[in-house]
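Work through the exercises below with the structure open. Each task is followed by a stepwise solution.

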Amino acid sequence: MSVTSIDTLIVGQGLAGSLLAFTLHQRGNQVLVMDDHQQGSASRVAAGMINPLAGMRFTRPAGVDAWLAEATVLYRHLEHALAHPLLHDVPMIRLLRSAEQRRFYQRQADDPASAPYLAGDFDAGGSGYDLGDPHGGFHQRRTGYLDTHALLDGLARWLSAHGALRQGPVDPHQLHFVGDQVRIGDVQARRVVFCEGWRMRDNPWFDWLPLTPAKGEILTLAEDPAQPDRAVVGGRWLLPVADGRRKLGATVCHDPLDTTPTAAARNELLADYRRLLPTASAPTVFNHQAGVRPNTRDRQPLLGAHPQHPQLVVFNGFGGRGSLTIPWHAARLADWLDGTGELPSHADIRRLNRQ
Ligand SMILES: Cc1cc2nc3c(=O)[nH]c(=O)nc-3n(C[C@H](O)[C@H](O)[C@H](O)COP(=O)(O)OP(=O)(O)OC[C@H]3O[C@@H](n4cnc5c(N)ncnc54)[C@H](O)[C@@H]3O)c2cc1C
């Protein structure tokens with residue numbers, strides 16, 4: 001059997017594997033990506049929403065300015081390379097769900113570092129749209145979404161054109177070490193980077209890392225004049241996408257973990273649609289998808305090498321905000337692989353003890 005020798009074998013062509021492959025390739029690395037295109041990969045289900053002030057408390061994570069800057073540069077660069085729009089700016093309305101939540105908003109409004117992300121608040125009925133907003137809300141800017149399908153399809157074509165993509169599964173049980181290199185089938189690599197999303201749970205080299213995957217379901221709806229032309233987030237979210245349709249999401253479920261859409265989740269989402277837009281008529285549903293987010297216990301990504309086998313590397317744990325966080329972390333992992341930088345301590349798997 002003839003052997004293909006490369007620098008880096010990347011397992012998984014979701015957002016993590018695709019963006020890391022592009023980043024490494026740009027730095028002169030010989031990469032090969034392998035993916036088995038399983039149904040319901042998180043990156044293919046995700047709405048790709050980018051929201052720097054996520055969560056019930058609208059917290060601004062420490063690295064968010066750098067994440068957003070790196071993501072914007074990379075996605076604009078990819079738009080050029082792939083000749084397709086990818087990053088869409090969409091302003092966002094956040095609906096407050098209680099009087100207490102207004103205090104969390106106020107904390108951000110009082111912090112000058114959050115000013116670039118905020119565009120004023122409003123009381124009930126004051127958003128300029130017909131929303132279910134009994135506690136009022138606020139406007140956000142520097143929000144939008146990444147067209148994940150266009151990015152994955154475009155990068156699949158780009159990788160194929162560079163002879164750097166193969167379809168098919170990689171069985172991590174079947175790898176073996178040849179000197180300080182790794183061999184899987186006919187591929188021999190200086191290192192293997194596993195970007196398997198939630199399926200890392202079945203990888204014997206990294207199954208000890210604390211992944212807490214969460215299934216999510218999402219609907220694609222027909223356009224309706226009652227829907228705002230911006231994103232609305234209030235528990236659930238409604239996002240206008242480029243073809244005029246709306247994405248409505250997303251549920252969170254830890255058991256069972258599968259990629260099968262359920263009637264219960266669909267009904268839950270539609271009930272919340274009525275709460276978000278009380279005067280809108282029942283929407284037409286075009287699509288219903290389910291996927292599994294690679295969440296982690298401490299909500300931080302997982303980057304680094306296996307403790308005994310430095311040739312085996314993990315790049316995972318991007319939870320529900322991969323569109324915003326993956327580009328910056330891909331650049332840091334690439335720096336570390338090049339020997340030109342350290343892993344960021346919040347994401348370095350050395351923070352975790354092997355069970
Ligand atoms: C319902 C839902 C909504 C979401 N909404 C958003 C959002 O609005 N904004 C946002 O930023 N994020 C969102 N996310 C999260 C986002 O999808 C993830 O952060 C991101 O997609 C994770 O990418 P990944 O590449 O790590 O994993 P994945 O997308 O799961 O990719 C892993 C890939 O590896 C392949 N693979 C795995 N094991 C193997 C193997 N052994 N051999 C070969 N191939 C393999 C899989 O087939 C898959 O293609 C959402 C997720 C879900 C489920």
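**Exercise 1: the interface between the domains**

Solution. The model is predicted, so local features need pLDDT of at least 70 and side-chain atom pairs count only at pLDDT 80 or more, while totals for chains, interfaces and linings use all residues. Residues are numbered from 1 along each chain as its sequence is written, and side-chain values use heavy atoms, with hydrogens and water left out.

**Exercise 2: the domains and their buried area**

Task: state how the protein chain is divided and what area domain 1 and domain 2 bury between them.

Solution. Begin with the bounds, which come from an automatic or database domain assignment. Domain 1 covers 4-46 + 149-210 + 298-351, and domain 2 covers 89-144 + 212-293. Contact (heavy atoms within 4.5 Å) takes eleven residues from domain 1 and ten residues from domain 2. Next comes buried area, the accessible area (1.4 Å probe) that two parts lose on being put together, summed over both. The two domains bury about 880 Å² between them, with 64% of it on carbon and sulfur atoms. Val45, Trp198 and Arg201 supply 54% of the area that domain 1 buries against domain 2.

**Exercise 3: the ligand**

Task: which polar side-chain atoms lie 2.9 Å and 3.2 Å from an oxygen atom of the ligand?

Solution. At 2.9 Å the polar side-chain atom belongs to Asp36. At 3.2 Å the polar side-chain atom belongs to Arg199. Taken alone, the ligand exposes 1,000 Å², of which the protein buries 96%; accessible areas come from the Shrake-Rupley method with a 1.4 Å probe, and for residues only the protein chains shown count as cover.

Key
Polar contact = N/O pair within 3.5 Å; in protein donor to acceptor, adjacent residues only side chain to side chain.
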